[in-house]
Amino acid sequence: MSTVTPTPDPGLVAELRAAVTGDVVTPTDASYDDVRTLWNGRVDCYPAFVVRVASTADAAAAVRFARDHDLRLAVRGGGHHVTGSALVDGGLVVDLSSLTAVELDAERRTVRVGAGCRVSDVLAVTQEHGLAVICGSAAHNGVAGSTLGGAIGWLRRAHGLGVDSLRSAEVVTVDGEVLTASTDENADLFWGLRGAGANFGVVTSFEFDCVPVGPEVAVAQVAYPAPDAASVERLLRDYRAYAADAPDEVTSMAVVTSVPPLPFVPPEFHGAPIVMYYAVYAGDPEAGEAALSPLREMGDPAMDVSDRMPFLALHEVANELFPTGDRYSWHSLYATAASDDLLARLAAHGTARPGPESSLTLWHLGGAVRDVAANATAYAHRDAAFLVSVEAGWRDPADDEAHLAWAESAWSDLLDADATLSAFYPGFPGFVEGEARGRMAYGDNYDRLAELKAVYDPENLLDSNLNVLPAR
């Protein structure tokens, strides 16, 4: 249990404030509780210093200060990572949330993005020109954290992962040096940033290729009643059959959940168990409506709000479903196929959910994700056909034990299902610790990452992340 950090030495505070132009927040400042608040309300950390950087130079000065004074270091971008790795008790947080510049070159179809940007900040600019970046699937996702872990988003099957469209990054190393990483400069670092990036430096800006999408896309959002395990399993099998033949333009998922208390849903339906299909078509909306129509014909839906909608609005749905301040414990694993065994276990754990805000999701991968070699980027698990995520969500701290126990039990059991891999997505880690945690996240790329870590962070100053240990 975290406790309030004692006030840091005034001399150190003065030294740090003299070194940066941005704000330095400590436990005695009125804004302290605001700057240590993250999306996941279960995270309750008390850093000694939060440096709200105003520039890359500030980030470099903050990193040097942490190193020189032997402080634990964490980096905050959008503050959305479910584990709360953006904060660290008693240490220093490099807070990038003020770096929100978005510079679009519509003719070249590239965009430079500050590390404090969220998905909505970027899409609001690019969608004015019918362009999009490959990014996380929620509007309030931080672009930095999502990208550095891979960025599995709504365009993955058509255009790949966020790391696949990254052109370059500006990086502050643990020595306080500022580097550019790309295929032409510091190519080894660029390789590591694309999937395990939080281990190697503080990325202050990104340059992406954009893809033509939207501003209007065809979207399927249809829910079917699922009152028992048998109905859940049937609907998951129907989804598996659809996914097997879906074109790469279709990115979809099936969610075992409950009817959310959204404003447009009649209150009497709130909390009813359902399987929800979400899908988007990356192309002509008319063609998309035809391609998505089978998802709307799996039975008698409890709710169908499928339609054409702005691509940005699709990302805003997650803001409603997973609001800031709720308590979360999210975990994942990959599967080479949606085996009968896996679907049966999903159905069993889905009907045993401890509350209506918890869910299990089957994400269809493949397509352009698989077209990239497994060793081309640090993101390793290209051959997986599906990602399975266990999403415990609740509001009352008194319910912590029940939800955490369900999440761990479900994840551990699903990991033993036929066709699953001993691996997980860095954004939603599993219930393992130590080196096994990194090896499951980065697979066969781990040893190369460990060698890279020994070059760029040999003392493991950057350890508040899904950590890679430096090779010795």
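Reader: How many bridges join β6 to strand β10 (residues 202-209)?

Author: This is a predicted model, in which local features need pLDDT of at least 70 and side-chain atom pairs count only at pLDDT 80 or more, while totals for chains, interfaces and linings use all residues. Residues are numbered from 1 along each chain as its sequence is written, and side-chain values use heavy atoms, with hydrogens and water left out. Helices (H or I, at least four residues) and strands (E, at least two) are DSSP runs numbered from the N terminus, and two strands pair if DSSP finds at least two bridges between them. β6 and β10 run antiparallel, with G114 standing opposite S205 in β10, and the number of bridges that join the two strands is 5.

Reader: Which residue in the turn between β5 and β6 has a positive phi?

Author: Strand β5 (residues 102-105) runs antiparallel to β6, joined to it by 4 bridges, and D105 has T110 as its bridge partner in β6. The two strands form a hairpin with 4 residues between them, and the turn residue whose phi is positive, at about 60 degrees, is R109.

Reader: How many of the 5 residues of strand β6 (residues 110-114) are buried?

Author: A residue is buried when its relative accessible area is under 20%, exposed when over 50% and partly exposed in between, with a 1.4 Å probe and protein chains only. Strand β6 is largely enclosed by the rest of the structure, because the number of its 5 residues that are buried is 4.

Reader: Which strands stand at the edges of the sheet of 4 strands, each with a single partner strand?

Author: The sheet is open and its pairing is mixed, with the strands in the order β1-β2-β4-β3. Within it, β2 (residues 49-52) and β4 (residues 92-95) pair in the parallel sense over 4 bridges, and F49 stands opposite L92 in β4.

Reader: At what angle to β4 does helix α3 (residues 56-68) run?

Author: Axes are lines fitted to C-alpha atoms, for helices over the stretch in contact, and angles run from 0 to 180 degrees between N-to-C directions; contact itself means heavy atoms within 4.5 Å. Helix α1 (residues 10-19) packs on the sheet, touching β1, β2 and β4, and its direction makes about 15 degrees with that of β2. Helix α3 lies across β2, β3 and β4, and its angle to β4 is about 170 degrees.

Reader: How are helix α8 and helix α11 oriented to each other?

Author: The axes of α8 (residues 229-245) and α11 (residues 340-351) come within 8 Å and cross at roughly 135 degrees, and residues that meet there include L236 and R240 from α8 and L343 and T351 from α11. Angles under 35 degrees count as roughly parallel, over 145 as roughly antiparallel, 65 to 115 as roughly perpendicular and the rest as oblique. The two helices, α8 and α11, are therefore oblique.

Reader: How many of the 10 residues of helix α7 (residues 187-196) are buried?

Author: Among the buried residues of α7 are F190, W191 and R194, and the buried residues of this helix pack against α5 (143-149), β8 (166-172), β9 (178-182), β10, α13 (435-442) and α14 (446-456). Helix α7 is largely enclosed by the rest of the structure, because the number of its 10 residues that are buried is 8.

Reader: How far apart in space are G443 and A187, C-alpha to C-alpha?

Author: G443 is found in the loop between α13 and α14, and, leaving aside its neighbours within four places in sequence, G443 is in contact with A380, H381 and G438. G443 and A187 are 256 residues apart in sequence, and their C-alpha to C-alpha distance in space is 20 Å.
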